[in-house]
Amino acid sequence: MTIVDARPFLAVGVTLVAAILISFSRRWPNVRESWSAIASVIKFGIILSMLPGVLAGDVYTYTLCQLTDTVGFTLRTDPAGMIFAVLASMLWVPMNFYSIGYMRCNQEREQTGYFAAFALCMSAVMGIAMAENLLTFFVFYELLTLASYPLVLHKRNQDALSASRKYLIYTLISGQLFLVGIVAVYCIAGTMSFTPGGFLNSGMAPRWVLQAIFVLMILAGSVKAAVMPLHGWLPAAMIAPTPVSALLHAVAVVKTGVFSVLRIIGFVFGPQLLAEINIIDFVSWAAAGTMLVSSLIAIRQDHLKRRLAFSTIGQLSYIVLGASLLSPLAIKGAYLHLVAHAVMKITLFMCAGLIIARTHRNNISELYGIGKKLPVTMACFTIASLGIAGVPFIVGFVSKWNLALGALQAGKPIYVLVWVASAILAAAYLLPVCQMAYFRSDPEEKFRKYGAHSNAMLIPICITTVIAILLGTVPDIFPHFYELSDMAAKTICAGWTAGGWQ
């Protein structure tokens with residue numbers, strides 16, 4: 001049942017209002033940070049209030065205005081969008097409190113602008129998650145680019161300036177490619193509304209035209225998804241504060257990239273049309289190559305945040321590869337890994353931020369002995385690392401298991417081997433960090449005094465670690481990401497039979 005309801009726009013608007021209030025609270029840090037914290041909790045509450053209805057099959061929709069004669073500025077809930085909306089709003093709550101501790105612990109400058117831009121980013125993410133059509137999606141897609149730019153530029157030094165320019169060039173160009181693809185789709189289809197299974201069909205345009213539009217739109221999404229060789233902006237953006245890195249990797253920018261790929265494949269072209277026009281294999285090859293190459297590069301990185309950045313590049317391609325296999329289980333696994341990677345990577349980056357804040361050491365080769373000095377932090381880091389490698393009873397195993405089954409279902413077992421190889425490489429680049437922490441003694445005794453602000457950073461890390469374990473042991477625990485992923489895959493793959501697409 002379709003229900004006209006303003007809550008989708010309220011979920012977007014609450015952080016827009018918060019960004020304004022934060023901007024006017026520069027002189028009162030406690031008030032400023034209170035606005036951010038209150039907005040994060042309210043946003044999560046609004047999203048959760050719609051979850052039971054979506055699980056029951058209801059659709060909440062609201063049109064703010066008409067963008068064109070036939071296309072409205074409309075938000076709508078569906079299982080696929082709710083996965084992203086619940087995930088982002090859920091993780092923003094601990095990340096917000098972590099940010100407060102991090103910014104105070106490091107005595108960062110420009111904190112008002114930081115929190116205001118962070119709030120704008122979360123509004124854009126909610127708009128992307130619940131966009132009803134391509135044009136609404138594009139508006140929020142570009143808003144996210146502009147809102148996250150000052151976060152990358154935060155340190156205001158030459159390195160930050162160079163990284164932010166690179167980020168802006170990559171993402172703005174990808175946005176314009178996306179816009180060209182949107183216009184082309186509208187010209188041949190006369191609609192932009194996301195439809196499970198896709199709204200394009202082979203009778204709308206010649207095969208080569210459909211192939212060209214698909215390549216254009218997928219390339220645009222692949223830039224933010226950091227698929228190689230379009231990944232250059234992501235390692236450079238590690239100059240930003242660690243909470244920004246976590247935002248880029250776990251909740252916002254790169255996740256919108258893979259989410260756009262999922263929307264294009266599942267709700268614009270549709271698996272059946274992609275099987276007919278025989279274009280999807282190049283996406284699978286690019287994703288598989290990215291998984292392996294980025295993992296090999298990650299092993300060679302001594303800088304902790306850069307190693308995590310290349311890990312992200314590879315892990316995101318799990319999602320792209322799963323979507324490109326076009327089978328129900330693979331698409332289900334792709335949505336599950338969207339959740340799994342976000343939870344594990346936000347944990348890893350928050351751990352990295354606390355380690356750097358406490359030790360002033362950025363390189364892995366310098367992290368000897370910190371397991372004894374930061375036992376809880378390193379325990380959480382180890383658990384998240386094992387999850388990235390796909391160890392059972394941690395959230396990463398559930399998604400990877402479904403992805404592997406999806407590859408077999410699609411009749412492409414070679415990709416199971418690719419995932420296994422990538423998992424082994426993940427262990428090779430993350431577990432040495434744990435080895436340095438636990439099995440090497442520290443020749444230096446200088447260590448930053450443990451303070452209240454670093455305690456404030458530690459609690460959110462423990463929360464996301466518990467979430468990773470709960471989702472790994474009880475996959476369909478509230479908020480039912482497993483059920484939502486299953487619903488999304490079934491609506492997208494309604495035409496699937498045992499023999500494939502008919």
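Predicted model: local features only at pLDDT ≥ 70, side-chain atom pairs only at ≥ 80, totals over all residues.
Residues are numbered from 1 along each chain as its sequence is written. Local features require pLDDT of at least 70 and side-chain atom pairs pLDDT 80 or more, whereas totals for chains, interfaces and linings use all residues; side-chain values use heavy atoms, without hydrogens and water.

Aromatic pairs (ring centres of Phe, Tyr or the six-membered ring of Trp within 6.5 Å; planes under 30 degrees apart stacked, over 60 edge-to-face, the rest tilted) number 16. Tyr98 and Tyr102 form a stacked pair, at 6.2 Å centre to centre and 25° between the planes. Because these two tyrosines, Tyr98 and Tyr102, are 4 residues apart in helix α3 (residues 79-105), about one helical turn separates them.

The pair of Phe214 and Phe269 is edge-to-face, since the ring centres are 5.1 Å apart and the planes lie at 80°. Phe214 belongs to helix α7 (residues 207-224) and Phe269 to helix α10 (residues 253-269), so the pair ties together parts 55 residues apart in sequence. Both Phe214 and Phe269 are buried (under 20% relative accessible area, 1.4 Å probe, protein chains only).

One aromatic cluster is formed by Phe84, Phe137, Tyr141, Phe178, Phe194 and Phe259.

Conventions. Buried < 20%, exposed > 50% of the residue type's maximum accessible area, 1.4 Å probe, protein only.
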